[in-house]
Amino acid sequence: MFVLEHSKLFGRLPPAELQILESSVRIQSFPAGHVVFKEGDTGDGFYMIREGVVRISALVNENERRILSRLGP
């Protein structure tokens, strides 16, 4: 399991709070090119990238999608 105490975001939380947070973690994998969520979707969680690269993009007009950022672990 991914250990949150090693992350920059959660590493300073007290052990009891880390344990509560880790109990709610759900690890998912997505194939290359899979859309995880898109503009207008209702938020359903918090995503962390454990491995690979995620492209963040947006529609700039009805026929063109532009890459805004690439994120990794």
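Two remarks on the source. This is a predicted model, in which local features need pLDDT of at least 70 and side-chain atom pairs count only at pLDDT 80 or more, while totals for chains, interfaces and linings use all residues. Residues are numbered from 1 along each chain as its sequence is written, and side-chain values use heavy atoms, with hydrogens and water left out.

I turn to the overall dimensions. The radius of gyration of the chain is 15 Å, whereas a compact globule of 73 residues would have one near 11 Å; the radius is taken over C-alpha atoms, and the globule rule is 2.2 Å times the number of residues to the power 0.38. Along the principal axes, the C-alpha atoms fill a box of roughly 50 × 25 × 20 Å. Of the 73 residues, 7% count as buried, where buried means under 20% relative accessible area, exposed over 50%, and partly exposed in between, with a 1.4 Å probe and protein chains only. Among contacts with a separation of 6 or more, 18% are between residues 24 or more positions apart, a contact being heavy atoms within 4.5 Å.

Next, the charged pairs. The structure holds three salt bridges, each defined as a side-chain nitrogen of Lys or Arg within 4 Å of a carboxyl oxygen of Asp or Glu. One of them joins Glu39 and Arg65, at 3.6 Å from N to O. Glu39 lies in the loop between α1 (15–22) and β1 (54–61) and Arg65 in strand β2 (residues 64–71), so this pair ties together parts that are 26 residues apart in sequence. Glu39 is partly exposed at 45% relative accessibility, and Arg65 is partly exposed at 43%. Lys38 forms a salt bridge with Asp41, with the closest N and O atoms 3.6 Å apart. Arg66 meets Glu64 at 3.0 Å, N to O.

What of the aromatic residues? A search of the whole structure finds two aromatic pairs; rings of Phe, Tyr and Trp (its six-membered ring) pair if their centres lie within 6.5 Å, and planes under 30 degrees apart count as stacked, over 60 as edge-to-face and the rest as tilted. The rings of Phe10 and Phe46 have centres 5.9 Å apart and planes at 75 degrees, so this pair is edge-to-face. The pair links distant parts of the chain, with Phe10 in the segment before α1 and Phe46 in the loop between α1 and β1, 36 residues apart. Phe10 is buried at 14% relative accessibility, whereas Phe46 is exposed at 57%. In the other pair, Phe37 and Tyr47 have ring centres 5.5 Å apart and planes at 35 degrees, so the pair is tilted. Phe37 is exposed at 51%, and Tyr47 is partly exposed at 35%.

Finally, I return to the segment before α1, where Ser7 lies. Ser7 is buried, with a relative accessible area of 10%, and a polar atom of its side chain lies 3.0 Å from the backbone nitrogen of Phe10.

Terms used. Helix = DSSP H or I, 4+ residues; strand = E, 2+ residues; numbered from the N terminus. Polar contact = N/O pair within 3.5 Å; in protein donor to acceptor, adjacent residues only side chain to side chain.
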